[in-house]
Amino acid sequence: MKTDCFASSSSGNAYKVSSNTEILLELGIPVNKIMKGGSLPPFALLTHEHNDHAGFWKEYAGLGGKIITSKGTADALGGGDCFMTIESFKAIQVGGLEIMAFPVVHGVPEHLAEQGERAVADPFGFLISDGEKTLLFATDTVNIFYTFQGITNFLIECNWDEETISPSTHETHLAWAMDSHMSLKTCKEFLKRHTKSAEEVILCHLSAKNARPEKMAKEVKAIVGVPVGVCGKSGGIKFY
Ligand SMILES: [Zn+2]
Ligand SMILES: [Zn+2]
């Protein structure tokens, strides 16, 4: 099971999992940047409706792509035949992959809610299994309140680090990060419960200002003891 990153940040996200079947994770950048001359996987998973994750769903649907997501996310995006909605903890089969969704927590901070920002409808994380390996994909969530058995691969948000807060970060932006994105501390606590089965950890959706990739990778590696990669804002994964 291989994970590719095409973009990873609050300005755009797209990843691909390749095993016996290829599947896209998120559609937050133009589709031609995902294809890069290659073929386009026929299915994509969406965690939630924010633009940096779903902004290019219409372009993908126009090319015949099917989008697997929660009913809440599909409705928030306007719905349509391209959506295949799934419920949490009910596995479905896509080619040779078994996909199961679980609820995550992606709040809207008070100051943005007051300005009319809608609550996120029904955000999901996903477990993707090919029968041999299982990938957990979770981003834009303050925490994951579950412990899963047998997760070998992780593509998990590590957005901010309380020891790396840039003084230039506006306090409302910081409140937003703290209410809706996973910190290094939380990410480490979650991974600590999953070290038995972990074989590879990739950190994604890092804040530009409040995260140091190498520091995060080293601290995570000290816990999991397996290769730890960090997704680049414009794609690629650097392993430490
Ligand atoms: Zn995001
Ligand atoms: Zn989001």
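Colleague: When does a residue count as buried, and what percentage of the 240 residues in the protein chain do buried residues make up?

Modeller: A residue is buried if 20 or more other C-beta atoms lie within 10 Å of its own, with the C-beta atoms placed from the backbone. The model considered here is a predicted one. By that criterion, the buried share of the 240 residues in the protein chain is 43%.

Colleague: How does the radius of gyration of the protein chain stand against the globule rule, and what is its value?

Modeller: The protein chain holds eight helices and 14 strands. For 240 residues the globule rule gives 18 Å, and the chain comes close to this, so it is as compact as a globular protein of that length. Along the principal axes, the C-alpha trace spans about 45 × 45 × 35 Å. The radius of gyration is 17 Å.

Colleague: Which strands stand at the edges of the open sheet of six strands?

Modeller: The sheet has the order 1-2-3-4-5-6 with mixed pairing.

Colleague: Which residue of strand 2 is the bridge partner of Cys5?

Modeller: Strand 1 and strand 2 (residues 12–18) run antiparallel and are joined by seven bridges. Within strand 2, the partner of Cys5 is Tyr15.

Colleague: Is strand 10 enclosed or open, and which residues lie on its two faces?

Modeller: Five of the five residues of strand 10 (residues 134–138) are buried, so the strand is largely enclosed by the rest of the structure. Both of its faces are covered. One side carries Thr134, Leu136 and Ala138, and the other carries Leu135 and Phe137.

Colleague: Which residue in the turn between strand 9 and strand 10 has a positive phi?

Modeller: Strand 9 (residues 124–129) runs antiparallel to strand 10, and four bridges join the two. Ser129 has Thr134 as its bridge partner. The two strands form a hairpin with four residues between them, and the residue in the turn with a positive phi, of about 95°, is Gly131.

Colleague: In which sense do strand 10 and strand 11 pair, and which residue of strand 11 is the bridge partner of Leu135?

Modeller: Strand 10 and strand 11 share four bridges, and their pairing is parallel. The bridge partner of Leu135 in strand 11 is Asn153.

Colleague: What is the handedness of the crossover from strand 12 to strand 13?

Modeller: Strand 12 and strand 13 (residues 228–231) run parallel and are joined by three bridges, with Ile202 paired to Gly229. The chain passes from strand 12 through helix 8 to strand 13 as a β-α-β crossover, and its hand is right-handed.

Colleague: Why do the buried residues of helix 7 lie on the same side, and what covers them?

Modeller: The buried residues of helix 7 (residues 184–192) are Leu184, Cys187, Phe190 and Leu191. They cover an arc of only 125° around the axis, which puts them on the same side of the helix. An α-helix has 3.6 residues a turn, so residues three or four places apart point the same way. The cover includes strand 11 (153–157), strand 12 (200–204) and helix 8 (213–224).

Colleague: Is Pro103 buried, exposed or partly exposed?

Modeller: Pro103 belongs to strand 8 (residues 97–103). Beyond its neighbours within four places in sequence, Pro103 is in contact with Ser88 and Phe124. With 16 C-beta neighbours inside 10 Å, Pro103 is classed as partly exposed.

How values were computed
Residues numbered from 1 in each chain as written. Chains lettered and ligands numbered in written order. Predicted model: local features only at pLDDT ≥ 70, side-chain atom pairs only at ≥ 80, totals over all residues. Pairing = 2+ DSSP bridges. Buried ≥ 20, exposed ≤ 12 C-beta atoms within 10 Å, placed from the backbone. Contact = placed C-beta atoms within 7 Å. Arc of directions from axis to C-beta. Right-handed = clockwise from strand over helix to strand, strands pointing away. Rg over C-alpha atoms; globule rule 2.2 N^0.38 Å.
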